[in-house]
Amino acid sequence: MTEKTMTDRRYFAGLDLGSTMTKVIIVNDNEKVLARVESHTGAEHRRLANKVMEEALQQAKIPFDAVTYIVATGYGRINVPFADRQITELTCHARGVASFFPKVRTALDIGGQDAKGLKLDAGGKLVNFVMNDRCAAGTGRFLEVIAKMLGIPLEDLGSLSLKSKNKVNISSTCTIFAQQEVNGRLSEGAPIEDIVAGIHDAIARRAVAILKRLKIEPEIVFTGGVAKNIGVVKAVGENLGREVLVPADPLISGALGAGLLGKEIAAKARAEGKSLPKAERRLAEATFFT
Amino acid sequence: MAYYLGIDIGSSTSKGIITRDGKTVAEHLLISGINYRETAEKLRRELLDKAGLSPEDIACTVATGHGAGNAAYADQQVTDTRGCARGINSIFPEARTIIDIQAQSSQIIRVNERGQVTNFVASEKCAAGSGRFLEVIANVLQIDLSEIGALSLKSKSPISFTTSCAVFGESEAISRVAEGIPKEDILAGVHRALADKIDALIGRVGLEEKCAVSGGGGMDTGLIKTLEENLRTKLLVPPRPRMVTARGAAILAQDINERGAAAENKQERISRGSLGGEL
């Protein structure tokens with residue numbers, strides 16, 4: 001490798017500051033993923049997005065200054081002192097899922113505190129979306145509340161629900177009322193796996209209601225932390241009446257999309273002979289929320 | 001003079017009232033718990049004991065509320081909307097709008113001078129529109145429900161919640177506590193959020209004065225004050241807001257019984273008349 005190609009090598013970072021998880025991706029000019037870090041955003045870690053970034057730089061074995069362009073997205077994207085640009089998570093998710101599945105037209109993303117339905121055109125561009133971030137039902141929070149109440153680790157819900165032969169019907173939309181319903185079913189002696197399957201069905205019904213406000217076209221892709229739950233994936237498929245695709249790592253589509261968009265912005269500036277408008281970057285704590 | 005029994009099996013508490021000629025003879029309240037049927041039985045038993053009566057002394061029983069079907073001994077069931085309207089009408093005949101704030105739902109009822117429902121709208125799908133939201137936040141703040149009103153009245157700068165969801169609101173309250181915001185400001189913030197929800201409901205059926213409140217929410221002086229400020233009207237608050245709907249049920253029991261008696265009399269007159277015709 002000559003010194004020239006070394007200095008010419010470009011790196012792009014995508015940073016997705018979600019309500020629950022912070023995700024960082026570093027890609028090179030060939031769209032190869034060199035680093036992928038996922039870390040809890042949790043109240044006490046909120047300001048430590050720079051630490052997650054440092055971890056990603058170590059993984060990619062590059063210094064901070066070698067990163068050509070950094071795009072921040074997600075709920076907490078606004079006050080990141082080391083990003084060159086902020087792009088909404090909708091645009092980044094669309095770009096990310098299209099890179100996993102080029103034929104995707106409909107995407108469902110369920111995160112820790114919101115749920116989104118995305119409509120993409122043949123070029124993978126976002127053309128329409130529907131979003132719920134006002135009600136905990138239908139988001140990852142719903143699962144968190146129920147898992148905590150049942151004393152089951154969040155990540156065990158999926159496999160547990162697959163054992164169910166007769167899911168209970170959870171009719172309440174509201175998370176708090178659903179909790180009460182779960183209590184009622186428990187006291188009636190319903191098996192825990194049937195209750196969990198019922199909870200997955202309830203969240204899936206909400207998700208499908210969101211998607212139905214868009215014209216659903218295949219392929220349908222499901223991303224976000226909740227897509228890690230096999231029980232919800234199954235229930236979404238059942239409620240839609242067709243299979244949904246889930247990427248190997250459903251959590252990183254936003255960060256990946258941010259990284260790829262950064263690469264495209266840099267390429268466009270280069271093609272137009274313009275200089276890349278960069279921010280004055282400091283790899284320091286993010287001032288999360290005002 | 002006959003005795004009438006009104007039973008209101010709510011999601012949180014169950015209430016019973018025995019009336020005689022529209023006046024309360026005895027009343028009783030129990031936590032509904034998880035076995036509504038047992039609670040309904042116990043409620044009647046203890047209420048009759050209080051009044052020194054036996055089941056045969058009751059001319060008619062009407063059950064209402066979320067779990068009305070569990071009062072197997074009732075002669076009839078009515079909706080809590082109807083029970084509440086009749087109950088408020090018996091206390092405040094001048095009321096034309098009722099704000100009924102229950103543990104798990106809220107409703108706005110428009111009522112005429114005879115205590116009949118002319119229109120209503122209910123919010124029952126979301127905890128943020130009910131007393132449940134207050135319960136969730138009181139739990140975060142570790143204060144008793146009965147302390148909420150007085151404490152919230154001390155607030156000088158209520159917080160505003162950025163969310164209208166009780167679950168997200170709970171997280172917000174936790175963050176505010178961590179920031180050292182006084183409890184009273186958080187509670188007053190919940191009252192504002194609830195009052196906004198109620199406002200939105202009122203917008204759908206309109207408000208005609210005078211306006212009364214009922215349900216457990218009526219016991220929260222802070223909430224009443226916030227509602228009064230929002231609506232720019234003085235609210236009629238019954239002495240025991242939680243008992244209103246059970247009271248309405250007891251009065252409806254009397255209505256039904258007397259109407260039944262009247263119908264029987266009428267039937268009798270018709271039969272006599274037709275008999276007379278044949279003769």
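This briefing walks through chain A as a whole, then its domains, then a sheet in chain B. The model is predicted, so to speak of local features a pLDDT of at least 70 is needed, side-chain atom pairs count only at pLDDT 80 or more, and totals for chains, interfaces and linings use all residues. Residues are numbered from 1 along each chain as its sequence is written, with chains lettered from A and ligands numbered from 1 in the order in which they are written.

**Chain A overall**
- Chain A has nine helices and nine strands (DSSP runs, numbered from the N terminus: H or I of at least four residues for helices, E of at least two for strands).
- Of its 290 residues, 48% are buried, meaning 20 or more other C-beta atoms, placed from the backbone, lie within 10 Å of a residue's own.
- Along the principal axes, the C-alpha atoms of chain A fill a box of roughly 70 × 40 × 35 Å.

**Domains of chain A**
- Chain A splits into domain 1 (3-92 + 252-271) and domain 2 (105-240), with bounds from an automatic or database domain assignment.
- Their centres, taken over C-alpha atoms, sit 28 Å apart.
- Seven residues of domain 1 of chain A contact 10 of domain 2 of chain A (C-beta atoms, placed from the backbone, within 7 Å).

**The chain B sheet**
- Five strands make an open, mixed sheet in the order β3-β2-β1-β4-β5 (chain B); strands pair if DSSP finds at least two bridges between them.
- β3 (23-31) and β5 (76-77) of chain B are at the edges with a single partner strand each, so one side of each has no neighbour in the sheet.
- Strands β1 (residues 3-9) and β2 (residues 13-20) of chain B run antiparallel, joined by seven bridges, and B:I7 stands opposite B:G16 in β2(B).

Technical notes. A residue is buried if 20 or more other C-beta atoms lie within 10 Å of its own, exposed if 12 or fewer, and partly exposed in between; C-beta atoms are placed from the backbone. Two residues are in contact if their C-beta atoms, placed from the backbone, lie within 7 Å.
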